[in-house]
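Visitor: I am new to reading protein structures. Could you walk me through this one with questions and answers?
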Amino acid sequence: MTNSQQITDDKNPMLDQNSASDIFNLEENKLPHPELEKSPLNPEKLKSMPQNMPNIEQNIQEETPNNFNLIQPIIDNIHQAIAQLQKDFEVKVKYDESKERTINALHKELQDYREDMVFKILRPLIMDITSIYDHLQLLTKKYGNLSESNSANFIASELTSFTEEIEEIVSRYGFKFYQNDSETYDRSKQKAQKIINTDDSTLDKQIVEHLRMGLQYQERIVRPETVSVYRYVSNQ
């Protein structure tokens, strides 16, 4: 055997080993990869999905009513609780409104009672003072109508100061003397003590003279003003 034949023969086993290794690697690459087995795009799973779809839909249809049946009582309880809260709220609002009206009514009654008590206590005293005031008013007019003498003017001035002082005293307790500014007779605030007949229709119910001041307590008329009034009388 020549040297060249030996070299050739020695290389043949190496070639056989390399060929076997390549074949093994090729066969290994043909085996399914573990990650590919887990992939959702696995061909085997994709083939089976159309067959499993009816089962999945059936399971959803079967489970959904069961879940709804479990939730429905909770929803009903929530609706009942909301309805009860609404009812309680409306009752509370009505109660508060009624309570407020009652408190306001009681407060008004108390105020009226208090004011009425004060008026009843003060009225006799004020009426006595008013009587003095009336006399002073008459004296003031009397001396004012006299001849313009120094003594008459002095007396009239002093009497006027007394009447003004009385007006100030009674005003401290809520009373006030008044004289209606209108020249037409007002039945609600005035009393006709003297009536003068006239054939002039334009003078009907016109004030002739203011005789005595009126007296009021806050908005209440205690004593109306007394006046003399014209009354129209036809001559026909």
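Visitor: Leaving aside neighbours within four places in sequence, which residues is Asn-180 in contact with?
Guide: A word first: this is a predicted model. Asn-180 is found in the loop between S1 and S2. Setting aside neighbours within four places in sequence, its contacts are Asp-186, Gln-190, His-210 and Glu-225.

Visitor: Is Asn-180 buried or exposed?
Guide: Look at its relative accessibility, which is 17%. Buried means under 20%. Asn-180 therefore counts as buried.

Visitor: Does Gln-206 count as buried or partly exposed?
Guide: Gln-206 sits in the loop between strand S2 (190-198) and strand S3 (207-212). Its relative accessibility is 22%. The cut-off for buried is under 20%, and exposed means over 50%. Gln-206 therefore counts as partly exposed.

Visitor: Which residues does Gln-206 touch, not counting those up to four places away in sequence?
Guide: Ile-196 gives a sense of scale: it is 10 residues from Gln-206 along the chain, and their C-alpha atoms are separated by 10.0 Å. Contact asks for heavy atoms within 4.5 Å. Not counting residues up to four places away, Gln-206 touches Glu-183, Thr-184, Ser-228, Val-229 and Tyr-230.

Visitor: In the open sheet of three strands, which are the edge strands?
Guide: The order is S2-S6-S3, with mixed pairing. The twist averages 25° from one strand to the next. An edge strand here pairs on one side only, and that picks out S2 and S3.

Visitor: Which residue in the hairpin of S4 and S5 takes a positive phi?
Guide: S4 and strand S5 (residues 220-223) are antiparallel, with three bridges. Leu-215 faces Arg-223 in S5 across this pairing. The hairpin has two residues between the strands, and the positive phi, near 55°, belongs to Gln-218.

Visitor: How many residues apart are Phe-119 and Tyr-217?
Guide: The structure holds four aromatic pairs. One of them joins Phe-119 and Tyr-217, with 5.2 Å centre to centre and 40° between the planes, a tilted pair. Phe-119 is in helix H3 (residues 43-145) and Tyr-217 in strand S4 (residues 214-217), so the pair links distant parts of the chain, 98 residues apart.

Visitor: Why is the pair of Phe-175 and Tyr-217 tilted?
Guide: The ring centres are 4.7 Å apart. Planes under 30 degrees apart count as stacked and over 60 as edge-to-face, with the rest tilted. The pair is tilted because the planes stand at 45°.

Visitor: Which residues do ring pairs link into a cluster?
Guide: Phe-175 lies in strand S1 (residues 175-178) and Tyr-217 in strand S4, so their pair ties together parts 42 residues apart in sequence. Phe-175 and Tyr-217 are both buried. Ring pairs link a cluster of Phe-119, Phe-175 and Tyr-217.

Visitor: Which residue lies over the face of Phe-119?
Guide: At 4.4 Å from its ring centre, over the face, lies Arg-220.

Technical notes:
Residues numbered from 1 in each chain as written. Predicted model: local features only at pLDDT ≥ 70, side-chain atom pairs only at ≥ 80, totals over all residues. Heavy atoms only, no water. Phe/Tyr/Trp six-rings, centres within 6.5 Å; stacked < 30°, edge-to-face > 60°. Helix = DSSP H or I, 4+ residues; strand = E, 2+ residues; numbered from the N terminus. Buried < 20%, exposed > 50% of the residue type's maximum accessible area, 1.4 Å probe, protein only. Lys NZ or Arg CZ within 6 Å of the ring centre and 35° of its normal. Pairing = 2+ DSSP bridges. Axes fitted to C-alpha atoms, helices over the stretch in contact; angles between N-to-C directions.
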